[in-house]
Amino acid sequence: MDKRDLNLDLMVDTLKAAAEPSRLRILALLSRGDLTVSDLTSILGQSQPRVSRHLKLLFEASLINRYQEGSWAYFRLADSLIVGDIARSLLDRLDCSDPLLERDLERLASVKLQRRERAAAYFSANASSWDAIRSLHVPDGAVEDALLKIVGRKPFQAMLDVGTGTGRLLELFSPLYVRGVGIDINRDMLTIARSNLDKDGITNAQVRHGDVYSLPVDRESFDLVTIHQVLHFLDNPAEAIREAARALRAGGRMLLVDFAPHELEFLRDNHAHVRLGFNDEQMREWLTEAGLMLEESMQLEPKDKDKLTVKLWLARDPRLLIADPALTSRITESV
């Protein structure tokens, strides 16, 4: 379905699947974010079996994507190039002042408000812990400025954020990518991430439940993979890096953010840190084992020497560099 053209039969089937009022309403809702069957039932005022039947037909026509998160299934508008473009083209021509669509969007706003309230409750319960960690290193704004600098401003197709947490990196880089995916194993954090993406009107990103050691994404499908302040929680950071590297396209980049080696032992006991930071040699070894080449590293040191230094490592899948040994040599010498 990623072909640039559909044959006659497939085009007719795609248009038929969309050519029904309830299904077109569902497409309009999913273009604004991920929703469950329960969400859609509430918004549309229809029975669960009827909504499920509409979703089944849209899914079979590749107009929507489905992914499982525990006992819940989430749906969103298709990412595929040609079918997704057809759906978006149809929706661009809809009159959003239509009374039925207006009512749907009002109910959608109510569903999103409930999400934000759940996210706020979880954030409030855990904010003190997060604030304690933030106080130990340079301000988040300085870290984000460094992230933007090291990645650059050139647009790209797809981004994967491993251990997405609140979804902040998906927000930060949203002007650069066409499609963004965040993965996290904590469902409460996914609630926060969805709420944040909704609040900022970011519709080109989604978040999913998944494990860093077994990412629920297609191989070789992302241009940038980020792993931000995740590795120090893991028993096996090397395996997480290898798994993330499999998601990179040839020439794609991986950005790792974590702490330099430190001796703050209380982080193990109070904040579940398994590793007390990483040095360049260790990170280079893991990246090399994953088939990646370290291009650049950066460190952000706090004014207080008793606090944590934040490290950034940018690596690349070298498959597009093999034909240019001189470029490979320059990258190696610059690190």
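Leaving aside its neighbours within four places in sequence, with which residues is Leu255 in contact? With contact taken as heavy atoms within 4.5 Å, Leu255 touches Leu147, Ile150, Val151, Leu224, Val225, Thr226, Ile227, Leu312, Trp313 and Leu314.

The model is predicted, so local features need pLDDT of at least 70 and side-chain atom pairs count only at pLDDT 80 or more, while totals for chains, interfaces and linings use all residues. Residues are numbered from 1 along each chain as its sequence is written, and side-chain values use heavy atoms, with hydrogens and water left out.

Leu255 also belongs to the largest nonpolar core, which has 34 residues and in which Leu147, Met159, Phe173, Tyr177, Leu255, Val310 and Leu312 touch the most other members. Such a core is a set of buried Ala, Val, Leu, Ile, Met, Phe, Trp, Tyr and Cys residues joined through side-chain atoms within 4.5 Å; buried means under 20% relative accessible area, exposed over 50%, and partly exposed in between, for a 1.4 Å probe and protein chains only. Among the elements that give two or more residues to this core are α7 (140–151), β4 (156–162), β8 (248–259) and β10 (310–316), the helices (H or I, at least four residues) and strands (E, at least two) being DSSP runs numbered from the N terminus. The most is given by α7, with six residues. A second, separate core of 32 residues includes Val162, Val181, Val212 and Ala315.

Strand β10 is mostly covered, with six of its seven residues buried. It pairs with β8 in the antiparallel sense over seven bridges, and Phe259 stands opposite Val310, while Asp258 has Lys311 as its bridge partner. Seven bridges also join β10 to β9, again antiparallel, with Glu296 opposite Leu314.

Lys311 has a further partner, for its side chain meets that of Asp280 in a salt bridge (3.0 Å, N to O), the term meaning a side-chain nitrogen of Lys or Arg within 4 Å of a carboxyl oxygen of Asp or Glu. This pair links strand β10 with helix α12 (residues 280–289), across 31 residues of sequence. Lys311 is buried at a relative accessible area of 6%, whereas Asp280 is partly exposed at 24%.

By this rule the count comes to 16 salt bridges. Another of them joins Asp104 and Arg25 (2.7 Å, N to O); Asp104 lies in helix α6 (residues 99–134) and Arg25 in helix α2, so the pair ties together parts that are 79 residues apart in sequence. Both Asp104 and Arg25 are buried, and helix α2 (residues 21–30) is itself mostly covered, with eight of its 10 residues buried.

How values were computed
Pairing = 2+ DSSP bridges.
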